[in-house]
Amino acid sequence: MFYFDPTYLLLIPGILLALWAQSKVQITFNKYSKIASGSGASAAAVARSILDYNGLSDVPVEMVAGHLTDHYDPSAKVLRLSESVYNSTSIAAIGVAAHEAGHAIQHQTEYTPLKVRSMLVPIAQIGSNASWFLILLGILMSNPMMARFGVILFSAAVLFQLVTLPVEYDASSRALVVLEGGGYLDREEVGGAKKVLNAAALTYLAAALISILQLIRLIILTRFYGGNDD
């Protein structure tokens with residue numbers, strides 16, 4: 001017999017925001033990836049310059065496969081730019097490169113939210129993977145303690161998403177300041193880069209919202225199906 005779980009309806013706002021954010025990222029990035037910066041510098045060169053200026057000459061800038069797979073790896077101290085960004089001289093690519101350089105600067109200055117997020121990584125990974133198994137098993141066995149422990153583990157993944165927000169917004173803020181202050185982009189070009197980074201930030205906001213709504217849903221499910229051990 002078909003059964004519809006009404007708690008799935010809780011996820012709709014987050015899913016809609018995520019779909020809109022992904023669309024906005026693609027549209028905005030594609031628009032500004034077609035507009036070359038006046039400086040003519042590549043994204044890799046800009047990232048290299050920003051890193052060197054901030055005393056991070058030991059951080060290499062590497063190309064990584066994929067589209068918008070750009071990231072800074074704090075464990076390896078490596079800044080990686082995607083194939084569509086690395087050699088590009090576009091406003092979009094330079095904005096992305098500066099954003100990742102912002103993460104490297106955060107790492108160097110021991111930016112607190114970044115340190116907290118790094119500490120949460122292993123806990124969040126365990127929480128994301130093990131929580132569902134414990135919650136399902138707890139419900140099937142009518143063991144509310146096990147189900148609630150699963151919810152607690154999932155909460156770690158939610159906390160990770162929440163801490164990610166200030167990390168990403170701060171990196172973008174640093175990027176925009178250095179792009180204009182360092183003369184990499186003029187004021188109008190910085191406006192374009194800001195639109196690209198703001199669009200990307202929406203994806204992190206959507207991920208945080210979905211994780212919060214999922215947590216609420218799990219709490220409801222465990223309370224309704226998990227029994228009562230009081």
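This is a predicted model: local features need pLDDT of at least 70, side-chain atom pairs count only at pLDDT 80 or more; totals for chains, interfaces and linings use all residues.
Which residue takes a positive phi just after α2? Residues are numbered from 1 along each chain as its sequence is written, and side-chain values use heavy atoms, with hydrogens and water left out. The residue in question is G55, whose phi is about 75 degrees. Helices (DSSP runs of H or I, at least four residues) and strands (runs of E, at least two) are numbered from the N terminus.

Helix α2 itself comprises residues 43–53, and its buried residues (buried meaning under 20% relative accessible area, exposed over 50% and partly exposed in between, with a 1.4 Å probe and protein chains only) are A43, A44, V46, A47, I50 and L51. These residues cover an arc of only 160 degrees around the axis, the arc being that of the directions from the helix axis to the C-beta atoms, and they are therefore placed on the same side of α2. The buried residues of α2 pack against the strands β1 (61–64) and β3 (78–82), and also against the helices α3 (83–86), α4 (91–108) and α6 (144–181), where contact means heavy atoms within 4.5 Å.

The residues G14, L17, A21, V25, T28, F29 and Y32 of α1 are buried. Seen down the axis of α1, these buried residues fall within an arc of 95 degrees, so they line one face of the helix, while L16, L19 and I27 are exposed on the other side. In the loop between α1 and α2 lies S37, which is buried at a relative accessible area of 7%. Apart from its neighbours within four places in sequence, S37 is in contact with T89, S90, I91, I94, L185 and E189.

The packing of α5 and α6 is considered next. The axes of these two helices, α5 and α6, come within 6 Å and cross at roughly 150 degrees, the axes being lines fitted to C-alpha atoms, for helices over the stretch in contact, with angles running from 0 to 180 degrees between N-to-C directions. This angle makes α5 roughly antiparallel to α6, a description applied to angles over 145 degrees, with those under 35 counted as roughly parallel, 65 to 115 as roughly perpendicular and the rest as oblique. Within α5 (residues 112–140) is S131, which counts as buried at 0% relative accessibility and which, leaving aside neighbours within four places in sequence, is in contact with I126, G150, L153 and F154. K115 also has its place in helix α5, but counts as partly exposed at 43% relative accessibility; the C-alpha atoms of K115 and S75 are separated by 12 Å, the two residues being 40 residues apart along the chain.

Positive phi values also occur in residues other than glycine. K77, in the loop between β2 (71–73) and β3, has a phi of about 55 degrees and is partly exposed, with a relative accessible area of 32%. E110, in the loop between α4 and α5, has a phi near 55 degrees and is exposed, with a relative accessible area of 53%.
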